[in-house]
Structures are given as C-alpha cells and as structure tokens.
Amino acid sequence: MTRTRVVATVAAVLTALLLQATLVAPVVAPLAVSLPAVLVAAIALVDGPGTGISVGFAAGLTADLGSTHPAGVLALCWMGVGLVCGLARGVGPARPPLRRQVVLVAVVCSASASAATLLLALVGAGGAEAWSAATGWVPVAVGDGALALVLVPLVRAFLRSEALRAPVPVPRDLDVDRDREPAHA
Amino acid sequence: MRRLTRRQRTAAVVLAVVALLLATFDLGGSGLRSAHGGVRGMLGALYRGTDAVVGPVRSFVAGIPTAGTNSATIARLRSQVEHLQHDLAGRQADATAQARLRTLQLAADSGGYRIVPARVIAFGPGQGFEWTVTLDAGTQSGIRDGQTVTDGAALVGRVLHVDGATCTVLLAADPGSGVGARDVRTGDIGTVTGAGTDGFTYVPLDPKAAVRAGDAVTTGPAGATTFVPGLTIGTVSAVRTGADGIISATVTPAAAPTRLDLVGVILAGGYDQPRAALSPTPLAGSR
C-alpha cells in the first residue's frame with residue numbers, strides 16, 4: 001500500500017465513524033446498522049484479507065475506545081468482517097457482480113453486529129440484550145445492504161482510481177494461489 | 001477460496017488475541033480508562049464539528065417516515081380540537097339556557113301565566129337613541145304588542161312591535177320608558193323610568209316615602225300598569241332628595257340589559273300560539 005492509500009483509508013474510516021455517530025445511528029436508532037463495518041467490508045473486497053484485517057481492527061478499536069463498552073469487541077468483530085470479505089474476494093469471477101457483493105456485505109456485517117451484541121450481552125455491558133441479536137438480524141442486514149449498495153461501488157472506484165492505484169501490479173494478477181492449490185480450496 | 005498467507009494468519013491470530021485481552025483488561029479494571037477518555041474526547045470534538053453540518057440532514061432524514069402523515073395528523077387534530085371547543089362552548093351555552101329556562105318555568109309556575117321563551121337575536125340600533133332588542137318569536141307564537149318581557153324573575157321590557165316570527169322589545173332601561181313600580185319593603189307606589197346605562201330612576205308618588213338603599217323595587221300593582229305585576233326591577237342603590245323635596249332613587253337593574261340572551265315573553269291573554277309555550281307544570285324531562 002502506498003502512503004496515499006493509507007491516508008485515504010484512514011480518512012475514510014474516520015469519516016465513516018463520524019457519520020455513523022451523527023447521522024446513521026440516530027436515524028436507525030434501535031438497529032445496529034453500521035457504516036464503518038460496511039466500509040471495512042468494501043475495502044476488504046477490493047484489497048484483500050490483509051488490509052481487511054488491519055483496517056477492521058483499527059476502526060473497531062477506535063470505535064470501541066470512543067464508546068462506553070469494553071474495548072476490543074468491535075475490533076474483533078470488524079476484523080472478522082475484513083477477514084471474511086477479504087477472503088471472499090478470491091471467489092468467483094475477477095469482477096464479481098455488484099449484487100452478489102452487496103448481499104455478502106449485508107450478511108457479513110449483520111452477522112458481525114449480532115456477534116457484537118451477543119458478546120456485549122455475554123459480558124453484560126453496554127445495555128445489549130441477547131434476543132435483539134436474533135430479532136435485529138434481518139433489519140440490520142437490509143440497512144447494511146442499503147449502505148453497501150452505495151459504498152461498495154464507491155470504494156471500488158476510489159481504490160482503483162489513478163491517484164490511489166497501487167504501484168505494484170494489482171495483486172489479482174499475481175494471484176497464483178488459486179492456480180497452484182486448487183485442490184485445497 | 002483464496003487463502004491467507006502465513007503472515008496474515010499470524011497477524012489475524014495476534015490481533016484477535018489482543019482484542020480479547022483488551023476486552024478482558026477493560027472489563028476487569030479501569031486500565032483503559034485514559035485511552036477511552038482520550039479517544040472519546042477526540043471523537044467528541046469531531047462529532048461536534050460534524051453535527052453542525054450533518055444535524056440538519058439528520059433531522060430531515062428522521063422526518064421522512066412521518067412527513068406524509070404529519071400534515072394529515074395535524075389537520076385531524078386541529079379539526080378535533082375545534083370540534084371539542086365547539087362542543088364545550090355549546091355545552092356551556094346549553095347549561096346557561098337550561099338554567100334560564102328553569103327560571104322561566106318557575107316564573108310561569110309562580111305567576112300562573114304562560115311564557116314564551118325567546119332568544120335575543122339583535123340589539124337595538126344604538127345606545128342613547130332607543131334601547132331595544134329583537135327576539136326570535138312573533139305573532140305565530142302568540143306574542144302581541146305591549147306584552148311584558150322577563151328574564152325569569154326580573155323585568156326586561158315590553159313588546160313594542162310584533163312581526164310574524166320576530167318582535168321588538170323596548171327595554172325598561174330606555175330613557176323614554178316608564179314603569180309603574182312598588183317599593184317592596186314599604187309598599188310605596190311610584191314610577192320607574194329608564195336611565196340607560198345608569199339603570200333606572202325610581203320616584204315614589206309619596207314625596208315623604210322612606211326609600212332606602214337596598215330596597216327591592218318590583219313592577220307595580222295589577223291593573224295599574226301595562227306590565228305584569230310582581231317582576232323585580234332592581235335594587236335601590238342611592239337615594240337623593242331634590243331641592244323641591246322630591247325623592248328620587250337610583251335603581252340597579254336586576255336584569256342587565258346588555259347581557260340578555262334567553263328571555264321569556266309573558267302571554268297576558270289567551271292567544272292561539274303554534275309555538276309550544278311553557279305551561280305551569282313541573283319541568284319534567286328537561287335537559
């Protein structure tokens with residue numbers, strides 16, 4: 001990753017966190033729809049699991065420290081989001097259809113939201129209730145999907161734009177794992 | 001599926017362990033309090049800046065789900081409020097009218113005469129010229145010229161002119177109006193003339209009559225006046241003795257001429273009346 005790419009990612013995550021706190025969260029009040037999680041997923045879908053893990057962990061930790069619940073919960077969950085979405089990048093055609101990516105992001109992000117709710121309910125913090133993890137899954141998935149519908153193409157276009165293009169050949173071209181170990185996939 | 005490289009796998013495991021450790025650490029004690037505080041403070045400052053920009057957008061977005069129904073709800077509530085206020089005013093008017101009707105019925109019972117209730121629908125052309133009111137009952141209800149108008153207990157005036165469905169009443173307060181009167185306490189007969197907004201002036205026939213403030217004055221003896229006798233005119237509020245020794249008293253009217261609403265016309269004779277009149281029976285089933 002170039003320095004520009006890192007700066008752009010940090011700025012995007014910070015913007016997502018601010019918008020989440022001031023716009024998304026108040027509007028969808030009881031639901032755990034999360035703009036930063038969707039952003040992490042969108043970035044991981046373009047850049048792969050390595051970036052997904054690091055961006056997810058960093059964004060999650062920032063969100064954790066900025067709120068009252070125990071730090072590390074969102075870091076763990078959003079790291080999972082980055083990991084799964086990064087791994088999913090390697091599946092299917094080189095430019096997968098937007099619909100499939102949106103569905104994937106919605107499912108993964110709502111799953112992570114439910115996981116976070118369960119974790120918080122488990123440790124008894126943040127006023128989380130375990131049953132809302134189950135009842136809120138579908139509405140949260142719809143909300144996350146709506147965010148992903150905007151964010152996934154946007155992030156893809158940004159990260160593949162000329163100004164932010166990776167200087168080394170795009171990883172996809174060197175993605176020899178698939179050819180080398182098809183049996184283990 | 002694309003697999004993680006060894007470094008990525010290590011990083012993922014290490015980060016997951018770090019996250020769990022942090023959670024445990026944070027849960028167990030207050031070790032991360034300063035980190036929490038620092039990040040929260042930084043984000044708080046940023047929130048404030050962002051909120052200034054995003055706040056209007058947020059309120060707009062938050063209002064979208066109810067935007068369509070809000071105006072309908074407001075209109076519905078507004079009409080409801082108006083309806084209820086109308087109901088309330090009507091109920092109060094009903095209560096007043098009911099009390100008035102009951103008084104009229106009592107008057108009919110005690111006086112032994114029939115009373116046609118009527119509502120004041122217009123006041124006279126103007127104060128100082130001629131004090132009149134128009135009622136919504138006329139010859140069809142059996143009203144004739146000269147009949148006495150009461151508000152139940154007190155004198156209001158007499159019918160000056162009758163039409164089919166309306167009649168004009170000359171108020172007793174009219175300066176040109178004269179009424180035969182009797183001081184209830186002493187029984188002294190005299191005349192009461194209207195004095196406009198000042199009420200009435202009572203002049204006893206006997207110049208030495210002992211009129212006192214507080215004396216009740218009623219319409220005069222039967223047959224001696226065009227008015228039905230025994231109706232309260234008012235209460236003496238002041239007594240003056242003129243230079244020629246003639247006593248005159250100011251009488252405060254019992255029925256304020258400007259507050260008339262439901263009044264009754266006393267039918268002095270047996271006229272045909274299509275309009276149902278109050279008969280001297282108990283007011284059964286009234287509301």
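Visitor: At what angle do α4(A) and α5(A) pack, and how far apart are their axes?
Guide: The model is a predicted one, and its values are computed from the coordinates. Two packed helices are described by the angle between their axes and the distance between the axes. For α4(A) and α5(A), the axes are 9 Å apart and the packing angle is about 155 degrees.

Visitor: Are α4(A) and α5(A) roughly parallel or roughly antiparallel to each other?
Guide: The angle between α4(A) and α5(A) is about 155 degrees, and angles over 145 degrees count as roughly antiparallel. The crossing in which α4(A) passes α5(A) is right-handed. By the angle criterion, the two helices α4(A) and α5(A) are therefore roughly antiparallel.

Visitor: How many nonpolar, polar and charged residues does the contact of α4(A) with α5(A) have?
Guide: On the side of α4(A), the residues that meet α5(A) include V73(A), L74(A), W78(A) and G80(A). They face a set in α5(A) that includes L104(A), V105(A), S112(A) and L119(A). Sorted by class, the contact of α4(A) with α5(A) has no charged residues, two polar and 16 nonpolar.

Visitor: What span should helix α5 of chain A have, and how far apart are its end C-alpha atoms?
Guide: Helix α5 of chain A covers residues 98–123, which is 26 residues, and at 1.5 Å a residue it should span 38 Å.

Visitor: Is G86(A) buried or exposed?
Guide: G86(A) lies in helix α4 of chain A, and leaving aside neighbours within four places in sequence, its contacts include A44(A), G48(A) and P49(A). The C-alpha atom of G86(A) is also 9.0 Å from that of A42(A), although 44 residues separate the two along the chain. A residue counts as buried if 20 or more other C-beta atoms lie within 10 Å of its own; G86(A) has 28 within that distance, so G86(A) is buried.

Visitor: How many residues does the contact take from chain A and from chain B?
Guide: On the side of chain A that touches chain B, α1 (3–27), α3 (49–66), α4 (73–88) and α8 (177–180) each supply at least two residues. By class, that side of chain A has 21 nonpolar, six polar and four charged residues. Taken over both chains, the contact draws 31 residues from chain A and 30 residues from chain B.

Note on methods: Residues numbered from 1 in each chain as written. Chains lettered and ligands numbered in written order. Predicted model: local features only at pLDDT ≥ 70, side-chain atom pairs only at ≥ 80, totals over all residues. Contact = placed C-beta atoms within 7 Å. Helix = DSSP H or I, 4+ residues; strand = E, 2+ residues; numbered from the N terminus. Nonpolar A, V, L, I, M, F, W, Y, C, P; charged D, E, K, R; others polar. Expected span 1.5 Å × (residues − 1). Axes fitted to C-alpha atoms, helices over the stretch in contact; angles between N-to-C directions. Parallel < 35°, antiparallel > 145°, perpendicular 65-115°, else oblique. Left-handed = near helix turned anticlockwise from the far one by under 90°. Buried ≥ 20, exposed ≤ 12 C-beta atoms within 10 Å, placed from the backbone.
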